Amino acid sequence: MIRPEVAVRERAALGEGPTWDAAADRLIWVDILSARVHTYDPATGRRTDMDTGQHVGAAKPRAGGGLVVNLRDGVGLYGPDGAFRWLLRDPVAGRRGNDAAIAPDGALWAGTMRYDEGAGGGTLARIAPDGSAVHQLTATVANGTGWSPDGSLMYWIDTPTRRIDVFDFDGGLPHNRRPFATIEEGAGYPDGLTVDAAGCLWVALWDGAAVRRYTPDGGLDRTVELPVPRPTACAFGGRELRDLYISTARTGLRAPHPLAGSLLVLPDAGQGLPQPAFAG
């Protein structure tokens, strides 16, 4: 039985979006509400954190070094030297960036949501390396996004629906949307996801105190219970991509568990897929 361990003890208000940066051998994740990007090197224990100046939904590595960040007012770039510039500035009152993912072709798929979680107030857009954006989907809380190992399928979550949806992904655009799996009432809400080398989906359940793995046909294969109620996302990391890192949140909890907001890890949970860096 896999048991969760503490990778980084932290008090993140809304930890999100763990991502393995293969070029730097480190894990990147964010605390959305504290406007901070964190990194962690599991081999040395070295940590860094950076203030982004506004709420940050996701941070992903760039192919040439630095980070692409999904911020409150749009998508920004940090260079290897830490210099910042906007790639796509698109402020909308009452809205912020949320989870994001890098597609196999190096484009950023960036989600948004309203602070009040108003129905239909969020989006999922494809951001090309040159900053051009194409609206793909309307959502309430645009969340986990991922691709099958061969890139032919895209998975996506609009959290309040309790569904993980799957699309065909021919030619780099999603079509033929259908339900992949539904989280039953009382088991929490699907948040962030990652796809492993076997094509299975690992999904963090907000208010479900668990991470689940679903087989490629949508069957529930495994449930790993966690000590905290609000896991937010998961990703494989480590040099062999065998450890599953899980971000967690403490926001909105009257009496948070001492580990709420920490970065957890499931050692040797499976085999992850190498993740592309943003091509811009």
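The model is a predicted one. The largest nonpolar core holds 15 residues, and a second, separate core holds 14.

**The largest nonpolar core**

- Among the 15 residues of the largest nonpolar core, those touching the most other members are Tyr155, Ile164, Phe180, Leu193, Leu201, Val203 and Tyr214.
- At least two residues of this core come from each of strand E15 (153–158), strand E16 (163–168), strand E17 (175–182), strand E18 (189–195) and strand E19 (201–206), and the largest share, 3 residues, is supplied by E19.
- Leaving aside residues up to four places away in sequence, Val203 has contacts that include Ile157, Ile164, Leu193, Tyr214 and Cys234.

**The second core**

**Asp81, a loop residue**

- Asp81 lies in the loop between strand E8 (74–78) and strand E9 (84–89), and with a relative accessible area of 65% it is exposed, because exposed means over 50%.
- The side chain of Asp81 reaches the backbone nitrogen of Ala83 at 3.0 Å, while the C-alpha atoms of Asp81 and Gly66, which are 15 residues apart along the chain, are separated by 7.5 Å.

**Ala103, a loop residue**

- Ala103 is placed in the loop between strand E10 (95–102) and strand E11 (108–114), where its relative accessibility of 1% makes it count as buried.
- Not counting residues up to four places away in sequence, Ala103 touches Trp109, Trp147 and Pro276, and its C-alpha atom is separated by 8.7 Å from that of Ala277, 174 residues apart along the chain.

Terms used. Residues are numbered from 1 along each chain as its sequence is written. This is a predicted model: local features need pLDDT of at least 70, side-chain atom pairs count only at pLDDT 80 or more; totals for chains, interfaces and linings use all residues. Side-chain values use heavy atoms; hydrogens and water are left out. A nonpolar core is a set of buried Ala, Val, Leu, Ile, Met, Phe, Trp, Tyr and Cys residues joined through side-chain atoms within 4.5 Å. Buried means under 20% relative accessible area, exposed over 50%, partly exposed in between (1.4 Å probe, protein chains only). Helices (H or I, at least four residues) and strands (E, at least two) are DSSP runs, numbered from the N terminus. Contact means heavy atoms within 4.5 Å. A polar contact is a pair of N or O atoms within 3.5 Å; within protein, one must be able to donate a hydrogen and the other to accept it, and residues adjacent in sequence count only if both atoms are side-chain atoms.
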